[in-house]
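Dear colleague,

I am handing over the structure below, and I would be glad if you could look through it alongside the notes that follow.

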Amino acid sequence: MSTVVLLALTGLGLAALYFLIASGLSLVFGLAGVLNFAHGLFLSVGAYAAWTVSESWGLAPAVLLGIAVAAATGALVELVLIRPLYTRHTEQVLVTVGLSLAGVALLQSVWGADARVFPRPAWASSVVSIAGAQVPADRFLLIGAAVLVLLGLLAFLRFTRYGLVIRAGVENRDMVSALGIDVRNAFTLVFTIGGALAGLAGILAGMYFSSISPGQGASLLIFAFIVVVIGGLGSVTGAFAAAVAVGLLQQFVNYYGTAGAGDVSVVALLAAVLLLRPAGLAGKAAPA
Amino acid sequence: MLLVAVVLPWSTLSLPGLFEGPLNSPGTLQLLAICLVFAGLALGYDLLFGRAGLLSFGHALYVAAGAYGVDILVSHYGWQLWTAAAVTVPAAAVLAALLGSVALRTSGIAFSMVTLAFAQVGHIVINRDPGGLTGGEEGLPLSSAGLPAMFTGVVNTVNLYWLALAFLTVVVLVVHAIDRAPLGRTLTGLRDDERRIAVLGLSPYRLKLLAFVLAGTLAGLGGVIYALVVGGASPHIASSELTLSLIVMAVLGGAGTRWGAVVGGFLYAYLDQRLARLGGSLPGPFGEPLFVLGTLFILAVYFAPGGLASLGSRLEPLRRALRPRRPGDGHPAPVTDAV
């Protein structure tokens with residue numbers, strides 16, 4: 001029993017990480033139609049920004065700075081690189097691919113290729129006892145952050161004017177532009193939100209794995225892609241459900257099966273979902 | 001160009017800065033052989049991407065299948081090279097047929113994601129070293145016991161060069177034959193408007209699967225040659241980064257053109273290796289090959305959307321403007337096929 005609880009909470013912690021990355025990706029894809037390979041870069045940028053100042057500033061301001069830097073990177077990438085290629089989706093994907101290659105190399109040249117030890121608050125290193133299981137407290141940090149982000153995003157999308165524009169844009173972008181609303185501002189907005197969430201995910205991943213490396217974002221990104229596709233492109237709640245399913249499946253199969261079987265089973269889940277419901281769990285129409 | 005490639009191993013010409021040592025030294029020949037293999041791989045990938053318009057993110061899987069397949073059969077089971085290759089390449093084709101038949105039920109971005117996921121499984125499996133077969137993260141060096149004597153030893157590097165050149169020639173012949181055949185035109189039609197092909201009574205699914213299997217087979221063959229040239233297989237060739245670099249090669253050279261991907265692949269592989277060698281001596285981020293290549297790639301997407309192959313026709317108006325005017329020179333020059 002205690003093993004099951006520990007595995008479930010660890011799986012949920014991982015799911016929280018996937019959700020933070022996938023929700024931004026999903027919004028960006030749903031609205032702007034950009035499959036953002038540079039999302040992993042935002043993750044690493046946020047983590048490294050926080051790591052750099054965490055010694056001198058203390059952890060809380062460092063986390064805020066990391067999120068802000070990642071958000072600014074997202075906005076900058078949209079304004080400078082993505083916007084000129086509006087409606088040319090293949091080129092947009094190619095640019096983000098190039099950016100992910102060049103950006104990770106740039107991080108490597110500044111901070112080196114080796115992993116750095118990432119600081120975490122003292123209480124996150126402690127262990128909590130639940131139903132006989134000794135659960136590291138950082139799991140709760142991740143799960144709490146993800147639930148807060150989910151509620152915040154849903155409230156933002158439901159109750160604010162910008163949220164309305166984004167939801168309408170995901171549904172039918174051309175109609176929104178035809179009504180005289182500049183959708184491109186919403187593009188910048190979703191890139192900024194996506195960047196901020198990725199930055200947060202990068203910092204939390206640093207605390208979870210207690211180290212950061214330039215390539216870390218890219219390896220998490222692939223699972224985030226899988227979560228986005230399973231959840232249905234453009235859907236935040238779909239991404240949440242898919243993240244939970246993927247995180248739990250991966251943890252349990254990895255523990256009870258042979259090493260690596262969990263990762264393989266996640267891909268099998270992806271293939272099954274795509275064949276049965278090509279638009280994902282929450283998908284409405286198949287993306288063109 | 002092909003003539004230069006054939007004459008090259010006899011040349012003792014030394015190009016300081018471009019290559020270390022004369023052109024026929026083993027080090028330079030191996031570097032060139034790797035460039036030739038990547039030129040072939042890039043053109044094979046372009047059959048999917050540039051011609052059929054299928055943005056696959058999992059091409060590395062079939063390259064890895066070829067490289068690891070032949071490596072495992074030769075090094076662990078002591079097979080002869082030729083029998084191992086004769087089994088591995090069809091196996092890569094079967095793998096491509098199986099996975100392609102699933103992946104092609106989706107289209108667009110979903111297709112890219114499914115191929116990425118399949119390739120990722122391959123990468124994970126290779127890294128986990130099942131049964132001690134793949135050597136895990138260390139990679140698996142190719143044991144020389146099963147190799148013909150002509151491919152072992154530093155002196156025989158020139159034979160590896162010939163092998164790589166032969167591979168490139170095969171890929172060029174196959175892809176150009178497809179270009180000329182009705183199949184090539186149908187694939188281009190598929191890229192431009194899939195519905196139209198379906199309305200004409202052809203099956204887009206079967207055509208795409210055919211292209212996928214052909215490209216997978218060429219990739220498997222390329223993997224076999226790659227394992228021979230570098231003397232083993234490492235998990236890097238199964239990673240998504242390899243696929244991404246193939247995309248970069250195709251786009252940089254000019255996707256869908258006759259020679260674009262070949263030029264792009266050759267240049268990319270050359271720069272990747274040379275910059276890694278020069279890495280320490282260049283300032284800051286320029287020491288990272290991927291930084292330079294990634295930046296070049298982004299610039300190419302913006303400023304030369306047709307890749308290197310389109311530069312000729314893009315500069316044509318400029319050249320015409322600079323040419324001195326003669327009577328009767330008013331009509332435009334015939335447009336070359338570089339589109």
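In chain A, strand β2 (residues 127-130) runs antiparallel to strand β3 (residues 133-136), and four bridges join the two; strands pair here if DSSP finds at least two bridges between them, while strands (E, at least two residues) and helices (H or I, at least four) are DSSP runs numbered from the N terminus. Within this pair, V128(A) stands opposite V135(A) of β3(A), and the two strands form a hairpin with two residues between them, where A131(A) in the turn has a positive phi of about 50°.

Please keep in mind that this is a predicted model, in which local features need pLDDT of at least 70 and side-chain atom pairs count only at pLDDT 80 or more, whereas totals for chains, interfaces and linings use all residues. Residues are numbered from 1 along each chain as its sequence is written, with chains lettered from A and ligands numbered from 1 in the order in which they are written.

The contact between the chains takes 30 residues from chain A and 34 residues from chain B, two residues being in contact if their C-beta atoms, placed from the backbone, lie within 7 Å. On the side of chain B that touches chain A, the elements giving two or more residues are α5 (109-128), α10 (240-253) and α12 (289-303) of chain B, and α5(B) supplies the largest share, twelve residues.

Lastly, residues 6-27 of chain A are 100% helix and 0% strand, with end C-alpha atoms 31 Å apart.

Best wishes
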